[in-house]
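Reader: Hey, can you walk me through this one? I'm new to it.

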Amino acid sequence: MGVFNSHIRATVSLACMENYGFPAIIGEIAADLPEEMWNRERHAGQLEEWCDRETGDWEVNKATYKTPDYMLCSAQDYHPGESGVQQHIWQATLGPDAVVFVSHPPA
């Protein structure tokens, strides 16, 4: 499922292995797609100094809404009012060849 590109080399390598039996349940889970889905994630960690920015803790809460026709994702309330450092804050995926997003480079 999906589109072949340079970012899935590991998956393709695994699929080409001769002595590996792919568990059928994994394929069944992947193919069991709901009509619509909401997903929320929280990511947090330590920021190292980069681009003359200070170090410290960081946190981002992401929200995703997906249907068979499109997917909308965004980082919720991520450093509001501050300039970005090339963050990928939101994305609209309309198909394998139609992806819209905005990044905010620091310059």
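Predicted model: local features only at pLDDT ≥ 70, side-chain atom pairs only at ≥ 80, totals over all residues.

**A first look**

Author: Residues are numbered from 1 along each chain as its sequence is written, and side-chain values use heavy atoms, leaving out hydrogens and water.

Reader: How many of the 107 residues count as buried, in percent?

Author: That's 9% of them, with buried meaning under 20% relative accessible area (1.4 Å probe, protein chains only).

Reader: OK, and which pattern does the chain follow along the sequence?

Author: The pattern is α-α-β-β-β-β-β, from two helices and five strands. Those are DSSP runs numbered from the N terminus: helices are H or I with at least four residues, strands are E with at least two.

Reader: In what order do the five strands sit in the sheet?

Author: They go 1-2-3-4-5 in an open sheet with antiparallel pairing; two strands pair if DSSP finds at least two bridges between them.

Reader: Why is one side of strand 1 and of strand 5 left without a neighbour?

Author: Strand 1 (37-47) and strand 5 (98-103) are at the edges, so each has a single partner strand.

Reader: How many bridges join strand 2 to strand 3?

Author: Six, between residues 56-66 and residues 71-76, running antiparallel. Thr-64, for one, has Cys-73 in strand 3 as its bridge partner.

Definitions and conventions:
Buried < 20%, exposed > 50% of the residue type's maximum accessible area, 1.4 Å probe, protein only.
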